[in-house]
Amino acid sequence: MKSELMITLIIFILLFIKLSKGMKNESLLLLIQFVLLGNFILGFSFNKEGSLFGDMFYNTEMIVFQKNILILGAYLISLLCADWLKKTPHLPEFFMLMLSALLGMFFMISSGNLLMFYLSLELASIPVAAMANFDLDKKRSSEGAMKMILSSAFSSGILLFGISLIYGATGTISFAALPSQLDGSSFQVLAFIFLFAAFAFKLSIVPFHFWTADVYEGSPVAATSFLSVISKGSIAFVFISALYNVFQPLHNVWYTMLVILSIATMVIGNLFALRQQNIKRFLAFSSIAQVGFILVGMSSNDNAGITSVVYFILIYVFSNLAAFGVASVIAEKTGIEDIDDYKGLYKTNPFLSWILTLALFSLAGIPPTAGFFGKLFLITAGAGKANYGFIIVVALNLIISLYYYLRIVRAMFMDKNEQPVEKININPVTKFGLILCAVGVVLVGFLSWIYDYIQFLIKS
Amino acid sequence: MNLLLIILIPLLTAVAALLSRNKQQVRWVSLAGSAAQLVLAFMLLFAFQNERVGGNNIQMLFEQNYSLFPAWHINIHLGVDGISVAMILLTAFVVVAGVLVSWNIEKMTKEFYFLLILLTLGAYGFFISLDLFILFFFLEIAVIPKYLLIGIWGSGKKEYSANKLALMLMGGSALVLVGILGLYFSSGHSFDLLSLSKLNIPVETQRIIFPLLFVGFGVFTALFPFHTWVPDGHSSAPTAGSMFLAGISMKLGGYGCLRVATYILPEGAKEYSTLIIVLASIAILYGAFATMMQKDLKYINAYSSISHCGFVLLGIGMLTKTAFTGAVMQMVSHGLMTALFFAVIGMIYERTHTRQVSEMGGLMKVMPFITTVFFIVGLCSLGLPGLSGFIAEMTVFMGSWENTDMFHRIATIIACMSIVVTAVYILRAVGQVAMGPLKESFSGLTDATWNERMAAAILLIGILAIGIIPRWLNDLIRPASEIIMNKIGAK
């Protein structure tokens, strides 16, 4: 429970700061960044394994590692979106919301039965809807938040229905006891499908993805980064654990579902990303396509699947946050969000252009960035089932995704612009965050011991 | 002889170029780095010869094996045989010439040299990799630099060509990826090239995986009908970019075809050899005839490259030891020749600001050095004895003729006929450019500068070395190709 207690402590500290005189935004932000970094470093020690509260909460080394990835993501967001965070009038509230959502995600990853899972999922979703609304004076922010909360509530309803059906079908809600009760009868499969639909909504799997683009576009970039990286990452962790451990007896059912949905997600994500003009919508659809790739790795049903998914999400944290970070800096300083206005960016802001290029190539899966290794391992894991038609479709999607990532690189480096984005003075803290992400993107692929470490964690 | 140096030196050169303060520093650093790599390539050649002469007949020399991702059985496995050494020498020659020819680039010089050296890093790594994953890694590393080089420093419809090139080559890589994964899973989870080649993979599997690999790599070598990226890609690229693309990048495909597809899947090669020969012959003839229609010098060379690279695929498809050796020789010879051709075209373009043959004439009067080199390169292209083109094509023909049946003989005859077509377009282009009346506006043009002379000289030395004393290249390549062909049970 250590990570959860630490996060709760930080939330209370923020609460007390807010209730007392309050601090100026700059110093408060610095304090928060410091505290989050400390949390990340401490995340590697004092971890105990075992279970609490009956078996509602359990902890293993792998879960600790997954939580650390999420904390790292939260820390990077606090660095990268510093410009917007300094200007927002309700900074402590924003972080209280974000950390509450993070807390919910931690409980979700550690949950041991369906009730705990549902509670923590709600704790993880509701604050995010409030975060999405944080640009209080912009209409599209409220619109995005409205869409988020309504779709979220709907999917929670379906989830609850599925949970009650599972209880009816098997007589238990405990994850440990479920596998032995599952025998693949149609009633159980029906219940499972409802559960699957709830996960699919949170992960933006097609056809449950319709909320994604509008919410990403409307929310402030800090909320979007959180949603796209941390929320998706945590749900992916829970999803894979649910499929491999809890619903293993229904393996044949969910394998086919994963293959079909993965192809649909990749194709739709890629096709829609081709047409986007707004950088945030573009990154939203690119995230959807990335989820399609994650599903490829998930379909493998062996240790290689878990390892490659966790590894990929680590890399995805760095690449996606770098991309959103650059978009955030430009949007905050100049209000520009249209890809056409990114033309000629290299002439005026070479640093930002290189970071964005690195991030986009990592998302596309081009060496020497880490994204290459991540994607290749996902595909290799997925190919283990010898479903070669599937793999060929996946490989073809790599090409389509490269095309739209190249569009942006081309705009930045090759296209001419009469009025390019002016030279931006980047906040040193944000610069540090961007460099950190860039280093992560380049190095994580070559630090092969990280992959072995994750593999080793599965045994425990 | 530590093979890691071959990857390390370009990497250090690229980083040093990035850290340089001004343009002159960037240029000299890049030149020093690529020259050092050339020296290293020669050292590799001599060390290799020493080992072979000393009786060491292991297939791959200087092997090194480091575990990278044990969970996936991915190792950094490096090693060279005769074919790899020849390709590394070729790359080193072309890179030094490319660096020299680009001496006067003013726009974003630092980034240009950084991307160029990064590109060569990919090629060097590709030729010494013995692990399929690492091979694929180095193959893909070239995508970013190629795209940026053509898109930023190119000419004509550069963005379109850069896009087309990047996407088509990515398509080829995607097919190669599926093929590699197929090999990985059908062989009990191994990416190691040498161990894969010792396995007996069932024929049904080979029938599926071989076309994936061959077509995937074939896209890089302008296998018909996937050659459409070549004309636009080569013509829109900056000079050093075209030199590298045509000279080396197309050979990555040929090397992949022979090292990965043919070596590991011999039965697959036998099954598809007829199709390969047909496609190669189409490429040879189509490339030659299409070249006759071109009016732009760079397009002439691009289509001519399609035709000459057809010889490489023909040699591989014929499945005899001599033809195979000829295919590798053609890779080396064509690499040097086309690099020199593009270099000369670049020099002419820089002075006349046109690539249209009809707008040029009588350049011999003002640019004797450049036009003489132009003549020599043209003669090499049409296979004049004494130059490397003759040796390579002759070897391919002799090897192809060893197949006595009608189909192979006819294919050989068709390929020989293409030489006539080559002669027509080469002599016409060279003649029109070099001789005849000189335009008024061109009378003030200067001849080659020191860097251009050096670049041309380096490549010419290579061409003449192969053309006059082909023995050393043959002895280098032949044992390696014999090992590959023995697996097929070829003549």
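Reply: Helices here are DSSP runs of H or I with at least four residues, and strands are runs of E with at least two, both numbered from the N terminus. The model is predicted, so local features need pLDDT of at least 70 and side-chain atom pairs count only at pLDDT 80 or more, while totals for chains, interfaces and linings use all residues. Residues are numbered from 1 along each chain as its sequence is written, and chains are lettered from A and ligands numbered from 1 in the order in which they are written.

Most residues other than glycine have a negative phi, and most peptide bonds are trans.

In chain A, the loop between helix 9 (186-203) and helix 10 (210-218) holds A:Pro207. The peptide bond that joins A:Val206 to A:Pro207 is cis, with omega near 5°. In chain B, B:Pro225 belongs to the loop between helix 9 (203-220) and helix 10 (229-236). There the bond from B:Phe224 to B:Pro225 is cis, with omega near 0°.

The other two are phi values. A:Asn301, not a glycine, has a positive phi of about 60°; its loop runs between helix 13 (279-298) and helix 14 (303-334) of chain A. B:His189, also not a glycine, has a positive phi of about 65° and lies between helix 7 (158-186) and helix 8 (193-198) of chain B.

For burial, C-beta atoms are placed from the backbone, and a residue is buried with 20 or more others within 10 Å of its own, exposed with 12 or fewer, and partly exposed in between. A:Asn301 has 20 other C-beta atoms within 10 Å, so it is buried. B:His189 has 12 C-beta neighbours inside 10 Å and therefore counts as exposed.
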